[in-house]
Amino acid sequence: SLGRLFRNASLYGLGSFLVSIIGLAVDPLLSHKLSRADFGLLGLCASISGMLAASYTAGMDSAANRLYFDVEADPGARRRTVGTLNAFLLGWLTLLTVVQEVFGPWIYAHLFDDLPYDPYGRLVAIALLLGGLGAIPRALWAAREDVRQLVGLRVVSSLLAAVALVLLLLYTTLGPTGVLLSEIVAPALLIAAHLR
């Protein structure tokens with residue numbers, strides 16, 4: 001078990017290192033293509049996303065991690081438990097996204113001077129929705145100690161987002177909107193892997 005712990009910790013460490021390298025590789029392009037105002041806008045979007053992220057998963061990822069061990073030995077109970085958690089999370093994510101779509105324009109208009117809901121708030125909501133869909137599979141992979149799949153998808157996700165970011169910054173004039181779009185590309189492409 002000490003060997004397994006060392007192996008898993010090494011894979012997590014390697015994954016974090018690779019994700020950091022990918023981020024570092026696109027930083028010069030971001031600095032070249034975006035203004036200070038663009039960075040401020042993206043920082044505000046990141047703060048809003050961070051504030052809402054926990055409400056989007058509603059603790060279902062922690063519940064999946066905990067309940068996995070209760071039903072680990074019974075495949076039927078495991079399928080029912082995971083199915084129930086996923087069904088609840090999908091309904092919850094849909095509800096939050098609809099609430100944001102209905103009330104977001106009013107909230108953004110009253111709270112922010114230069115941050116309109118469309119496109120910025122909407123892209124944050126979509127990123128939270130897509131990211132939330134992968135919360136339960138990620139928690140189950142962690143519980144099963146399926147580190148290769150967990151770390152592999154994290155690295156692939158970062159790589160896809162970086163490629164999308166580079167393409168959007170080099171070949172469009174979207175600026176910060178392109179950065180936010182790149183953050184929804186990877187979760188959108190990985191939905192099939194998560195739901196499988």
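By class, the lining of the largest cavity holds seven nonpolar residues, one polar and one charged. Here Ala, Val, Leu, Ile, Met, Phe, Trp, Tyr, Cys and Pro count as nonpolar, Asp, Glu, Lys and Arg as charged, and the others, Gly among them, as polar. The residues around this cavity are Ala-64, Leu-67, Tyr-68, Val-71, Arg-78, Thr-81, Val-82, Leu-85 and Leu-140. Helices α3 and α4 each supply at least two residues of that lining. About 30 Å³ of space lies inside the largest cavity, and the structure holds one cavity of 30 Å³ or more.

Please keep in mind that this is a predicted model, in which local features need pLDDT of at least 70, side-chain atom pairs count only at pLDDT 80 or more, and totals for chains, interfaces and linings use all residues. Residues are numbered from 1 along each chain as its sequence is written, and side-chain values use heavy atoms, with hydrogens and water left out.

**The overall build**

Now step back to the whole chain. The protein has nine helices and zero strands; these elements are DSSP runs numbered from the N terminus, with helices being H or I of at least four residues and strands E of at least two. From the N terminus on, the order reads α-α-α-α-α-α-α-α-α. The C-alpha trace spans about 55 × 40 × 25 Å along its principal axes. Of the 196 residues, 38% count as buried, a word that stands for under 20% relative accessible area, while exposed means over 50% and partly exposed lies in between (1.4 Å probe, protein chains only). Among contacts with a separation of 6 or more, 77% join residues 24 or more positions apart; a contact means heavy atoms within 4.5 Å.

**An open pocket**

A cavity and a pocket are told apart on a 1 Å grid over the protein atoms alone: a cavity is a set of points where a 1.4 Å probe fits but cannot get out, whereas a pocket is an open set with protein on both sides within 12 Å along at least five of seven lines, and lining residues have an atom within 4 Å of a point. Grid points are joined across faces, edges and corners, and a volume is the space filled by probe spheres set on the points.

The largest pocket has a volume of about 1,100 Å³. Of the 39 residues that line this pocket, Ser-157, Ser-158, Ala-161, Glu-183 and Pro-187 are the closest to its centre. Helices α1 (2-33), α2 (36-57), α5 (117-133), α6 (135-143), α7 (147-171) and α8 (176-189) are the elements that each give two or more residues to the lining. Of these, α7 gives the most, with eight residues. The pocket lining divides into 25 nonpolar, ten polar and four charged residues.

**The nonpolar core**

In soluble globular proteins, nonpolar side chains tend to be buried together. A nonpolar core is a set of buried Ala, Val, Leu, Ile, Met, Phe, Trp, Tyr and Cys residues joined through side-chain atoms within 4.5 Å. The largest one here has 45 residues, of which Cys-45, Leu-115, Ile-136, Leu-169 and Val-179 touch the most other members. Helices α1, α2, α3 (60-71), α4 (75-111), α5, α6, α7 and α8 each give two or more residues to this core, and α5 gives the most, with eight. Which residues does Leu-115 touch, not counting those up to four places away in sequence? They are Leu-41, Leu-44, Cys-45, Ile-48, Tyr-108 and Tyr-120.

A search of the whole structure finds two salt bridges, each a side-chain nitrogen of Lys or Arg within 4 Å of a carboxyl oxygen of Asp or Glu.

| Salt bridge | Distance (N to O) |
|---|---|
| Glu-101 and Arg-122 | 2.3 Å |
| Arg-122 and Asp-118 | 2.9 Å |

Glu-101 lies in helix α4 and Arg-122 in helix α5, so their pairing ties together parts that are 21 residues apart in sequence. Arg-122 and Asp-118 both lie in helix α5, four residues apart, about one turn of the helix.

Pro-119 lies in helix α5.
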